[in-house]
Structures are given as structure tokens and as C-alpha cells.
Amino acid sequence: MESSNIRNIYHIQRHKIVIVVIGLCLAFTGKTSGQALNKPFYDYDRFIHFGFMIGFNYSTIKYDFNPAIWPNHQNPRDTILRVSSQGTAGFSLGAVCDLHLGAPKSFLRDHFDLRIIPTLVLTERDFYFTMRDSSVTEKQIESAFVDAPVLLKMKSDRFGNIRFYVIGGAEYSYDLSSTAGAAINPADPKISIYPNNVAYQFGAGLDMYFPFFKFSPEIKISQGLNNVLVPQNTIYSNIFSRFRSNFIYFSMYFEG
């Protein structure tokens, strides 16, 4: 009940958060043309910068049915008639290590960074199984990922105190909450996923230079590549052949 209340509060407030951030970005953009440059040598004075990230995520699982068990995805002879899934909002907290590539004041230094962002990601995915007697059984997959993305950041020319950028790369994640090795409870079988996850990421954001720090709101998508479904001899796991984790991240970076 408590986790549901937290998610409900987030769903109510997240739109306000996004609107406020967008409003700040637009207001800041409108003022840059008449302002002096903040941190004009930010990309040249040091090879490496550090910071931190806070944000929210929306996680889903992309799944494929097992054709040997569910050939038509809705078989009235089965115990399970239908399956649906729902993503939920989660929280992300990470550290930022930003490496400026190339020689000072070179094109490479001005437009490309290599970013390593170790992150703790808390999230939950829900599955709903409609049974033959019309009852609905809910199964939750809770995860606490330790992410290690390595990303290439490609930046536009600086316009006053802002830059636009796109970002992409690869990510390895380890799920601390994985129940892959746990014994199956016949009375309440869970759906288990393997702890190791590999994904590719891409997104876009905006660097905003302030007198004492750089603030960067960013939207990013992560698409899992490997099958994380643990095969188990239960009615809830047998109907699936593959799970892949997918995320949408909204992050706010603060770098000194």
C-alpha cells in the first residue's frame, strides 16, 4: 500500500516537475543572448569534470510468448486466458565522470565528451494474468539496478550559456534484487529475472551554464539486448520465451 501511494504521488507530481524544468529552460534560453558567458572556459580548463545526477525512470519489460505453450496467445483451454503488463515510475541517483576529449580548444574537445555515470536505479514492473475463472493475479518484479553506462556525448556549438547535445552508448546493469537463484514457492511462485542486463542507450539534453555550476536536463531511452527471463516450471513463467528490459529516463545533472 505504501509503495502504491508513493507511485500515485509521483504520477500526480511528475507533470508539474517536467513543466517547471521546461519553463526554466525556456526562460534561461531567452536571457542568454544579452548575458555575459558563465564559465567560458568550462570545456577547456580541465580534462575531467565530476558531478551528480538525480532523476526518474519509467520501466517496462518487452516480452515474447512461448509458442510451444501459448501458440495463439489466447487459448481458452489454458489456465491463463490473457496477460498484460504495466510499467511504473522509479527513482535514479548517480555520479558523473565527464571526460573532455581532444586537445584544448580543438573541435574534438569542443564537441565530444565521454561520460561514465554509475547509477542506482530503483524500479518495479507489474504483470496481470487473467485466469480462466475471470480472476486477475498480479505479479511484481522489483529491481534495484547498479548501472554502469559508458556514453559518447556530442555537443552543438555553444550559444550564450546553453548547448544542445545528443548522447548514446552502451550500458551494463546488475540487479541486486534478482531472485534468479531463489527457491520456488509453489503457493506463490514469482517471475524471476537474471541479474545481468546489457542495453544500448540514446537520448538528448541541454547544457545550461550558470556562474558556479552546469545544469543539464536530459531525456534518455535504454533498450535491453539480452534475455533476462529465468526459465521456471510455473504457469506464470512458462508462457514466456524472452524478457528484455526497457527504460525511459528523465535526469537532471549538476556538474561543477
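Before I come to the patch itself, a definition: a nonpolar patch here is made of residues with over 30% relative accessible area and no salt bridge, with nonpolar side chains joined within 5 Å. Please keep in mind that what you see above is a predicted model.

With that definition, Phe91, Leu93, Leu120, Leu122, Val146, Tyr172, Tyr174, Leu176, Val198, Tyr200, Phe202 and Leu225 form a nonpolar patch on the surface, and together they account for about 1100 Å² of accessible area. Two or more of these residues come from each of the elements β2 (80-100), β4 (119-131), β6 (162-175) and β7 (196-209). Which element gives the most to the patch? That is β7, with three residues.

Let me stay with β7 for a moment, where tyrosine 200 is found. Tyrosine 200 has a relative accessible area of 39%, so it counts as partly exposed, and because the patch asks for over 30%, that value is enough on the accessibility side. Its strand pairs with β6 in the antiparallel sense over 13 bridges, and within that pairing tyrosine 200 is the bridge partner of alanine 170.

On to the pairing of β6 with β5, the strand that covers residues 136-155: these two also run in the antiparallel sense, here over 11 bridges. Valine 146, which belongs to the patch, stands opposite tyrosine 174 in β6, and tyrosine 174 is itself one of the patch residues. What lies between β5 and β6? The two strands form a hairpin with six residues between them, and glycine 160, in the turn, has a positive phi of about 65°.

Terms used. Residues numbered from 1 in each chain as written. Predicted model: local features only at pLDDT ≥ 70, side-chain atom pairs only at ≥ 80, totals over all residues. Heavy atoms only, no water. Patch = residues over 30% accessible without salt bridge, like charges linked within 9 Å, V, L, I, M, F, W, Y side chains within 5 Å. Areas by Shrake-Rupley, 256 points an atom, 1.4 Å probe, with all protein chains shown as cover. Salt bridge = Lys/Arg side-chain N within 4 Å of Asp/Glu carboxyl O. Helix = DSSP H or I, 4+ residues; strand = E, 2+ residues; numbered from the N terminus. Buried < 20%, exposed > 50% of the residue type's maximum accessible area, 1.4 Å probe, protein only. Pairing = 2+ DSSP bridges.
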